[in-house]
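Please view the sequence and the model together with the notes below.

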Amino acid sequence: MPRTTTPIADPDLWLATLTRYVRSWWYMIHLGAIAVVTALSPSTWRRDSFRATAHHIHTSTWQVLPWFALASSLVSLVIIRIVLVTAKSYGLSQFALEMVVRVLVLELIPLSAALFVALRAGMAFDASALGLARAGLSPIAASNEALRRLRRDLVPQLIANAIAVLSLAMVTSIVVLVLAYVNVYGLSIWGLQDYTRTVGRVFAPTVTAGFVIKTVLFGLAVALIPTAAILELQRYPRRLASTVQPGALRLLFVLIVIEAASLTLKYI
């Protein structure tokens, strides 16, 4: 069998690889700009667009919100108990609640919501493409039909995925805050004053603004990057040899960059 040469091993392919990556990133940014302008255009919002957006929001948010909130609450409950027991054993009980809020609500929950929505959106597209393949269409016809559906539903899908990340993160954060209070103070109302003081100290105006901006950026990244990667694959079929979900590595990289930037601005 002939031995294949990777771009890293062959210096002659470095420029071509760099050009391809730059063009791919530019295509994603260009598509995002077009989607944002289209979403803000009044001519876009007709009855069909409203109906499609409402359908995607219902599918991506409302159907999974109870299950995601329940699963996240169970995992968060375990983490809360671990943090409380560990802090008590070291005599740092007064810092346990603040640590729970900072770690769970500010960092882990938005990131887990973004990853969950991204995974579900990618699986939904695979199911749609598989359905087209089973419908008796040729690979080229199925690819064209998938491309047409993505273009038709691009703006509704972007809005729905962004709203899904925001909704899952916000609702789960509220549930976790309630669980943290119950674990620290029990069912008594006498801990409300200390609790609100601690949570208010954590959610300073700058931290709250950063939390909202980070969650919005997560939602935009989840909404845009997989869709852009799928559309790019339709334009360049030769890249279909990869077995990785389209845009998965790029999305993970962008989420890590956003999270790292958020941590840097808050704690450094």
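The notes below cover the salt bridges and a surface patch.

This is a predicted model, in which local features need pLDDT of at least 70 and side-chain atom pairs count only at pLDDT 80 or more, while totals for chains, interfaces and linings use all residues. Residues are numbered from 1 along each chain as its sequence is written, and side-chain values use heavy atoms, with hydrogens and water left out.

**Salt bridges**

- Six salt bridges are present in the structure; a salt bridge is a side-chain nitrogen of Lys or Arg within 4 Å of a carboxyl oxygen of Asp or Glu.
- Side chains of opposite charge can pair when their charged atoms come close.

**Helices α4 and α7**

- E98 pairs with R201 in a salt bridge whose closest N and O atoms are 3.5 Å apart.
- This pair connects distant parts of the chain, with E98 in helix α4 (residues 96-134) and R201 in helix α7 (residues 192-202), 103 residues apart; helices are DSSP runs (H or I, at least four residues), numbered from the N terminus.
- E98 is buried at 17% relative accessible area, whereas R201 is partly exposed at 44%; buried means under 20% relative accessible area, exposed over 50% and partly exposed in between (1.4 Å probe, protein chains only).
- D194 and R197 also form a salt bridge, with their closest N and O atoms 2.8 Å apart.
- D194 and R197 are separated by about one helical turn because they lie three residues apart in helix α7.
- D194 is partly exposed, with a relative accessible area of 37%, and R197 is partly exposed at 44%.

**Helices α8 and α9**

- K214 forms a salt bridge with E259, and the closest N and O atoms are 3.4 Å apart.
- Distant parts of the chain are linked by this pair: K214 lies in helix α8 and E259 in helix α9 (residues 248-267), 45 residues apart.
- K214 is buried, with 3% relative accessible area, and E259 is buried, with 11%.

**Nonpolar surface patch**

- M170, V212, I213, V216, L217 and L220 make up a nonpolar surface patch with about 460 Å² of accessible area together.
- Such a patch joins nonpolar side chains (Val, Leu, Ile, Met, Phe, Trp, Tyr) within 5 Å, from residues with over 30% relative accessible area and no salt bridge; accessible areas come from the Shrake-Rupley method with a 1.4 Å probe.
- Helix α8 (residues 205-235) supplies the largest share of the patch, five residues.
- I213 is located in helix α8 and counts as exposed at 52% relative accessibility.

How values were computed
Patches are made of residues with over 30% relative accessible area and no salt bridge: like charges are joined within 9 Å, nonpolar side chains (Val, Leu, Ile, Met, Phe, Trp, Tyr) within 5 Å. Helices (H or I, at least four residues) and strands (E, at least two) are DSSP runs, numbered from the N terminus.
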